[in-house]
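Please open the model in your viewer and keep a selection panel at hand. The tour goes from pocket to cavity and then to charged pairs.

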Amino acid sequence: MSALIIVGLIALIAIVFVCNGLKIIRQGETKVIERLGKYHSTLPSGINVIWPIIDRPRKVYTRYVVSGMRGQAVTVIRMSDVIDLREQVYDFPEQSVITKDNVTTHINALLYFQVTDPFKAVYEIENLPNAIEKLTQTTLRNIIGELELDETLTSRDTINSRLREVLDEATNKWGVKVNRVELQDITPPDSVRNAMEQQMQAERERRAKILKAEGEKTSMILKSEGEKESQINKAMADKEAQILMAEGEARAKILQAQAEAEAILKIADSIKGSDSDPATYQLALKYMETLKEMVSGKDGKTVYMPYEASGMLSSIGCIKDMFKQQ
């Protein structure tokens, strides 16, 4: 009976020994094993065998985010023997920093990092999450303290780059790689925000006035160009009308001259063979038309004929002779 008890105890010890000696490591995680208090190995993912009594995993500080009573995110730091090798993100609480122009500003940041050397992460720093948080806060204060408020609000990419470079260099000896840093919110005081809003409002109003003035200027330019073009078109139309009128008058005079020439030719043909001269005939007609205009009118007129008018009378006599011949 005692032998069975001893065998059972030995079997139980063996089972406990085997259970404690087998360590299953998930992908993306690892454990640092110490043998009798001294570093022994870093376990890879999969099944690993250790000595339960002399080998123990080293516990480290780990940062967790849990939900609070009101649903708010609460950050908790506790001990764990598992080291996460995946990229992790730390959402740091809002920090109060002072800019170069002495403006107190509240900033919160996101830090993305990854443990690349578990040995350094365990033995080079005592509390890795707390060290990263404090280093981020002090570095952020130093960088913001070198910038004025306007530069801080407009230079987020520059601040992120500088913050990542400083943190990556400082955490390199801890076996940590800082991939990137992002500033979430930059909140200046209420008085500064009100002044900025008023400045932005004034700037928008100034731009609106400038755009309105430019629009009115453009409208006036287009209107003057349209009036100028209209005047040019009108002048060209008047000029074309005058040209057409002049051409019509010239053509009318040409046609009138041609008609008079044809009339003279016909008169010359009709009096051919007589002693009368066609030119004298035409001149007599002109004298008669002129004399008719002179005596026309309502009032009675007395016309004194000069001596040279005897030529006209003789022309009338020629016309008389011509009709007698006809």
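Begin by selecting strand E6 (60-67), strand E7 (73-80), strand E8 (83-84), strand E9 (88-91), strand E11 (104-115), helix H2 (118-123) and helix H3 (128-145), each of which supplies at least two residues of the lining of the largest pocket. Helices (H or I, at least four residues) and strands (E, at least two) are DSSP runs, numbered from the N terminus. This is a predicted model, in which local features need pLDDT of at least 70 and side-chain atom pairs count only at pLDDT 80 or more, while totals for chains, interfaces and linings use all residues. Residues are numbered from 1 along each chain as its sequence is written, and side-chain values use heavy atoms, with hydrogens and water left out.

Now colour E6, which gives the largest share of that lining, 6 residues. Among the 28 lining residues, Tyr61, Thr62, Arg63, Val82 and Gln88 lie nearest the centre of the largest pocket. On a 1 Å grid over the protein atoms alone, a pocket is an open set of points with protein on both sides within 12 Å along at least five of seven lines, a cavity is a set where a 1.4 Å probe fits but cannot get out, and lining residues have an atom within 4 Å of a point. The volume of the largest pocket is about 490 Å³, a volume being the space filled by probe spheres set on the points, which are joined across faces, edges and corners.

Next, select Phe92, Pro93, Gln95, Ile107, Asn108, Ala109, Thr136, Gln137 and Leu140, which line the second largest cavity. The elements giving two or more residues to this lining are E11 and H3, and the volume of the cavity is about 30 Å³.

Are Lys31 and Asp81 buried or exposed? Both are buried (under 20% relative accessible area, with exposed over 50% and partly exposed in between, for a 1.4 Å probe and protein chains only).

Finally, move to helix H6 (residues 190-270), where Arg207 and Glu203 are separated by about one helical turn because they are 4 residues apart. Their salt bridge brings the closest N and O atoms to 3.3 Å, and Glu203, Arg206 and Arg207 are linked in a network of salt bridges.

Methods. Salt bridge = Lys/Arg side-chain N within 4 Å of Asp/Glu carboxyl O.
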